[in-house]
Amino acid sequence: MSDTDTKPTTKIEPKTERPKLYRVILVNDDYTPREFVVEVLKAVFRMTEAQSYRVMMTAHRRGVCVVAVFTRDVAETKATAATDMGRRAGHPLTFTTEPEE
Ligand code: TYC
């Protein structure tokens, strides 16, 4: 190859695929005390009293409320931890996860 030849250039695109995200969903029920739901949201999701109260009331009125969005592992770990807090206190409180589109 002479000095004047142009090298074929290969553009390297950096791989920056984002991990899929999952929503944690709070599901309403008729038995868990409101204040208990607020305490679980504060403890597991590090929300303020005001944020927790709003999320709890949204689930209470509409049936479900999105609590937060995380990578799959974190979403599942937090949903299980929050549901277990309810079970240990004898409540049917339930958190689920679902993938974002
Ligand atoms: N509906 C419950 C009550 O009236 C309170 C509640 C709110 C429970 C949200 C679960 O996800 C929930 N005691």
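Student: Which side chains meet in a salt bridge with lysine 42 or glutamate 39 as a partner, and how many Å lie from N to O?

Tutor: In this predicted model, the side chains of lysine 42 and glutamate 39 meet each other in a salt bridge, at 4 Å or less by the criterion for such a pair, and here the N to O distance is 3.3 Å. Both residues belong to helix H1 (residues 34–45), where they stand three residues apart, about one turn of the helix. Lysine 42 is partly exposed at 26% relative accessible area, and glutamate 39 is partly exposed as well, at 35%.

Student: How many salt bridges does the structure hold, and which residues are linked in a network?

Tutor: The structure holds six salt bridges, and a network of them links Arg23, Glu98, Glu100 and Glu101.

Student: Is arginine 23 counted as buried or exposed, and what is the relative accessible area of glutamate 100 and of glutamate 101?

Tutor: A residue counts as buried under 20% relative accessible area and as exposed over 50%, so arginine 23, at 15%, is buried. Glutamate 100, at 29%, is partly exposed, whereas glutamate 101, at 86%, is exposed.

Student: Which residues surround the ligand, and how much of the ligand does the protein bury?

Tutor: One starts with the surrounding residues, then looks at individual atom pairs. The residues around the ligand are Leu26, Val27, Asn28, Asp29, Thr32, Arg34, Val37, Met56, Ala59 and His60. A backbone N or O atom of valine 27 is 2.8 Å from a ligand oxygen atom, while an N or O atom in the side chain of asparagine 28 is 2.8 Å from a ligand nitrogen atom. For threonine 32, a backbone N or O atom lies 2.9 Å from a nitrogen atom of the ligand. Taken alone, the ligand exposes 350 Å², of which the protein buries 89%.

Student: Which residues form a nonpolar patch on the surface?

Tutor: Patch members need over 30% relative accessible area; the nonpolar patch here consists of Leu21, Val66 and Val69, with about 200 Å² of accessible area together. Valine 66, found in strand E2 (residues 64–71), is partly exposed at 41%.

Methods: Residues are numbered from 1 along each chain as its sequence is written. This is a predicted model: local features need pLDDT of at least 70, side-chain atom pairs count only at pLDDT 80 or more; totals for chains, interfaces and linings use all residues. Side-chain values use heavy atoms; hydrogens and water are left out. Patches are made of residues with over 30% relative accessible area and no salt bridge: like charges are joined within 9 Å, nonpolar side chains (Val, Leu, Ile, Met, Phe, Trp, Tyr) within 5 Å. Accessible areas come from the Shrake-Rupley method with a 1.4 Å probe; for residues, only the protein chains shown count as cover. Helices (H or I, at least four residues) and strands (E, at least two) are DSSP runs, numbered from the N terminus. Buried means under 20% relative accessible area, exposed over 50%, partly exposed in between (1.4 Å probe, protein chains only). A residue is near a molecule or strand if one of its heavy atoms lies within 4 Å of it. A polar contact is a pair of N or O atoms within 3.5 Å; within protein, one must be able to donate a hydrogen and the other to accept it, and residues adjacent in sequence count only if both atoms are side-chain atoms.
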